[in-house]
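Please walk through this model with me, moving from its strands to its helices and then to a single loop residue.

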Amino acid sequence: MISLNGSSSFLKNPSICKSCRTSDEAQRNPVAFVRVRSKPAGRCRAASDGNGRAVVDGALSEDGSSSSSSSSSSSSSVVELDSKSVVRVGGPDVYGEDRASEDQLVTPWAVSVASGYTLLRDPHHNKALAFSERERDAHYLRGLLPPIVVSQDLQVKKIMHNLRQYQVPLQKYMAMMDLQETSERLFYKLLIDHVEELLPVVYTPTVGEACQKYGSIFRRPQGLFISLKEKGKILEVLKNWPQRNIQVIVVTDGERILGLGDLGCQGMGIPVGKLSLYTALGGVRPSACLPVTIDVGTNNENLLKDEFYIGLRRRRATGEEYAELLHEFMTAVKQIYGEKVLIQFEDFANHNAFELLEKYGTTHLVFNDDIQGTASVVLAGLIAALKFVGGTLADQRFLFLGAGEAGTGIAELMALEVSKQTNVPVEEARKKIWLVDSKGLIVNSRCESLQHFKKPWAHEHEPINELVDAVKVIKPTVLIGTSGVGRTFTEDVVKAMAALNDKPIILSLSNPTSQSECTAEEAYKWSQGRAIFASGSPFPPVEYKGKTLVPGQANNAYIFPGLGLGLIMSGAIRVHNEMLLAASEALAAQVTRENFDKGLIYPPFIDIRKISAQIAADVAAKAYELGLATRLPQPKDLVKYAESCMYSPTYRSYR
């Protein structure tokens, strides 16, 4: 394999291109043999053809072949590399990673061969001590590594040993991010093999602290930062990203990071973390993922005064200025990556989140994890719980604390599922779902002052200010917290739920752990061990009267990686609510009686890749059913196809 990048040596041969140079160092170094055929002066376009050659100025087709009329045409130029010296992956390019950099502009003729010292510092190909004896000879690694050769499994064992020495979660997070920038495959191998232990490190709750301190711990960029300074130039900014075959973008403006509020530019930790999970849990290859932060300023006074803050030092842009920047971004993304790139909105404030989803849902492949992902995973938990407790979703009464993106998103998806099960209108299904916000129960008398996304949940009832009073009057069977305010499910509230229900379902979903409405221990203790409990952030098992109760985690990571994989592998062009329902039902079907007897309403994360493959298959099937899939013909076995599409972090052999 060869690498084409802007930091490489210039070719000096004037017969190639008047603007091109080759350094003396490149001529002296013992790297792969390079044979050059000249072309007229002008701007050069280079790409790997996947066969050990760098094709210049010839656009590549989707299968990696040159689209020029003839390979021998005088209009094409080729940098050919001796096949014995080129660093390449053995075997077929199953995941398309060898073509991930194809059709890149280079300035000009910047060609480097991944070999020796450079190879050790390339995170995509570095194997460190796992390079074999033959590879060390072939790629000029002798003397650059200690003599021992170790397996990838032993590397994983050593890193886990070192990580467990850290007492501070943020230190573990920083160590993991350093590993990702040093050896990409080892990072994902580690995360996949130890997903239950490391998920809280690379994502919630630790990522919340990482975002708060992002300016202080920032070492190297891991995504694209697009600010108001780039207005009018976003298309060019996207071209600065080295990869072209992007399939998933996670974007945030940092205004509502978890339950921590406005963290501005430092919200980049969220897209980076989410996309790590797309790869580890859903099998989307790393080179197809792009983290983006839209920096429009921040209203966080502490950050504006922080000398280490890395974002724009101004108040947040709003109105037309904000909308124009976002529209330019969405237009540029579609222009450069095509219609089938999945754009996941993450941690936008309520007013922008709903507006963006509504505006671009009909023109782009977009998904809001806070609204739709949370809804899908919560619905899955409820379906699984009722499978063992008894009753149907339509039999339940729901009370939410919190009426923002997550709360209204969950409520709407539940209403759709009830409507689907009972064949009643969605408006009728909404009548058993009640929401409480900061001003109390949402009722008709408040309609004039309500935000538009709350109005469907305003029912005819007397105003109620306190949550505990709402519980006693509404008599819910399910209590769901999405308020972002910690310790709001008080002892009185939980005891009221336990008095009304033999098996009260209590979901404390706010992140991070400090913002959870109650802890697992509190829910079990105050309900005499009868509560069916799940939370947004993880809690440890609880001992209650000689029984070990294991709280479930309603983690969006159950849903979005599999959903994304299903959209990608079917070539879907839009996200439909039916796909979210399919994802929920697929996840709920993975919960066993044994899981439930331990207190779990979600399957163990240890099986997450199999779960993601099943979700992907069901989502893809729904895309084909709705006529939204473009990848034809439809595979006969979608589960096996999903598994075959998944990225593998196992080291490859170089020759």
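Strand β16 and strand β17 (residues 505-508) run parallel and are joined by 4 bridges, where strands count as paired if DSSP finds at least two bridges between them. The names follow DSSP runs numbered from the N terminus, with helices being H or I runs of at least four residues and strands being E runs of at least two. Within this pair, Gly481 has Ser508 of β17 as its bridge partner. To get from β16 to β17 the chain passes through helix α19 (residues 491-500), and this β-α-β crossover is right-handed, a term meaning that, with the strands pointing away from the viewer, the path from the first strand over the helix to the second runs clockwise.

This is a predicted model, in which local features need pLDDT of at least 70 and side-chain atom pairs count only at pLDDT 80 or more, while totals for chains, interfaces and linings use all residues. Residues are numbered from 1 along each chain as its sequence is written, and side-chain values use heavy atoms, with hydrogens and water left out. The pLDDT is the predictor's confidence in each residue, from 0 to 100; its mean over the chain is 85, and 83% of the residues reach 70 or more. Over residues 1-112, however, the pLDDT is below 50, although this stretch has 209 contacts in the model beyond near neighbours in sequence, a contact being heavy atoms within 4.5 Å.

Strand β16, which spans residues 478-481, is covered on both faces, with Val478 and Ile480 buried on one side and Leu479 and Gly481 buried on the other. Here buried means under 20% relative accessible area, exposed means over 50%, and partly exposed lies in between, using a 1.4 Å probe and protein chains only. In a regular strand the side chains alternate between the two faces of the sheet. Strand β13 (residues 398-401) also pairs with β16, in the parallel sense and over 4 bridges, and there Phe400 stands opposite Ile480.

From β17 the pairing continues to β18, which runs parallel to β17 and is joined to it by 4 bridges, with Phe533 of β18 as the bridge partner of Ile506. The chain crosses from β17 through α20 to β18, and this β-α-β crossover is right-handed. In β18 (residues 532-535), Ile532 and Ala534 point one way and Phe533 and Ser535 the other way, and all are buried. Strand β18 is in turn joined by 2 bridges to strand β21 (residues 552-553), with which it runs parallel, and Ser535 stands opposite Gln553 of β21.

Elsewhere in the chain, an open sheet of 5 strands has the order β8-β10-β9-β11-β12 with parallel pairing. Because β8 (224-227) and β12 (366-368) stand at the edges with a single partner strand each, one side of each is left without a neighbour in the sheet. Neighbouring strands of this sheet are turned against each other by 25 degrees on average, direction ignored. Helix α15 (residues 369-389) packs on the sheet and touches β11 (342-345) and β12, its direction making about 70 degrees with that of β12; axes are lines fitted to C-alpha atoms, for helices over the stretch in contact, and angles run from 0 to 180 degrees between N-to-C directions.

Turning to a pair of helices, the axes of α4 (residues 152-163) and α6 (residues 184-193) come within 10 Å and cross at roughly 70 degrees. The two helices are therefore roughly perpendicular, since angles of 65 to 115 degrees count as such, with those under 35 being roughly parallel, those over 145 roughly antiparallel and the rest oblique. Among the residues that meet are Val156, Ile159 and Leu163 in α4 and Leu186 and Leu190 in α6. Of the 10 residues of α6, 9 are buried, so this helix is largely enclosed by the rest of the structure, and its cover includes α4, α5 (169-182), α7 (195-202), α11 (269-282) and α24 (608-626).

Where does Thr513 lie? Thr513 is found in the loop between β17 and α20 (520-526), and it is partly exposed, with a relative accessible area of 24%. Leaving aside neighbours within four places in sequence, Thr513 is in contact with Pro205, Arg487, Ser537, Pro538 and Phe539.
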